[in-house]
Amino acid sequence: MNLKLKIWRQKDANDKGSMVDYEIQNVSEHMSFLEMLDVLNEELIEKGIEPVAFDHDCREGICGMCSLYINGEAHGPDRRVTTCQLHMRKFKDGDTIYIEPFRANAFPVVKDLVVDRSAFDRIQHAGGYISVNTSGNTQDANAIPIPKDNADMAFDAATCIGCGACVASCKNSSAMLYVSAKVSQFALLPQGQVEAKDRVLNMVNKMDEEGFGNCTNTGACEVQCPKGISLDNISRMNREFLSANITKG
Ligand code: SF4
Ligand code: FES
């Protein structure tokens, strides 16, 4: 395949940035999207041009590092896949592909396609953990019965990889899907009950403080989430938040 690429280039956080045109030849349909960008970067380096900066790590759909808005969609046109698992067979010869960073006030651009998603880390630090009794009396986790439905829902919530596609897809730049997944994975399990009330209050407050918008139930986040995190988690978080506010507030 021969493709035209329109890629967002931005030197640093203070640069205005703009779309720049590139052409790439002989792209195999078996390449991943990031491998295609690797080939482009090798060509740019050979020509003495600064390569395009983009985030990646595992390239297996599990770490949450890759991002990219591809033809107007977070993680591109495929469903339930991350950019690193998106394959070039989803495009056809002669296509023009627009590649931009995830955009949100709370995710400032660092360079080119790399954005700073450390706001997610700070939300996680505000409450995304449990305390475990290590006094010598530790209870065997398998000795605590958990209803199968709850275990399954907690597991589903825990598959959130923290990529930020939900924020980038939301017209309000809301982080509710991400935060609700992190709250739900503990709210559904006995191990998460000790800090449950503080957790939801602290994480929601941090989310607001970091400048993410509110949820208006558009549902774009759920559609674009590569892990299929359900909007049900947002409902659960709202119930947890309300109940924690009544009890603690
Ligand atoms: S909820 Fe989905 S889109 Fe949002 S950070 Fe988690 S995995 Fe990514
Ligand atoms: S690089 Fe790890 S999820 Fe894409």
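**Exercise 1.** Which residues in α5 are buried?

*Solution.* Residues are numbered from 1 along each chain as its sequence is written, while chains are lettered from A and ligands numbered from 1 in the order in which they are written. This is a predicted model, in which local features need pLDDT of at least 70 and side-chain atom pairs count only at pLDDT 80 or more, whereas totals for chains, interfaces and linings use all residues. A residue is called buried if 20 or more other C-beta atoms lie within 10 Å of its own, exposed if 12 or fewer do, and partly exposed in between, with C-beta atoms placed from the backbone. The buried residues of α5 are Met 176, Leu 177, Tyr 178, Val 179, Ser 180, Ala 181, Lys 182, Val 183, Ser 184, Gln 185, Phe 186 and Ala 187, that is, twelve of its twelve residues. They pack against α2 (118-125), α3 (148-158), α4, α6, α7 (220-224) and α8 (232-248); helices here are DSSP runs (H or I, at least four residues), numbered from the N terminus.

**Exercise 2.** Describe how helix α5 (residues 176-187) packs with helix α6 (residues 196-209).

*Solution.* Begin with the geometry: the two helices pack at an angle of about 175 degrees, with their axes 10 Å apart, where axes are lines fitted to C-alpha atoms over the stretch in contact and angles run from 0 to 180 degrees between N-to-C directions. That makes α5 roughly antiparallel to α6, a term for angles over 145 degrees. Next, list the contacts (C-beta atoms, placed from the backbone, within 7 Å): Val 179, Lys 182, Val 183, Phe 186 and Ala 187 in α5 meet Ala 196, Arg 199, Val 200, Met 203, Val 204 and Met 207 in α6. Finally, sort these residues, which gives nine nonpolar, no polar and two charged, counting Ala, Val, Leu, Ile, Met, Phe, Trp, Tyr, Cys and Pro as nonpolar, Asp, Glu, Lys and Arg as charged, and the others, Gly among them, as polar.

Technical notes
Angles under 35 degrees count as roughly parallel, over 145 as roughly antiparallel, 65 to 115 as roughly perpendicular and the rest as oblique. Two residues are in contact if their C-beta atoms, placed from the backbone, lie within 7 Å.
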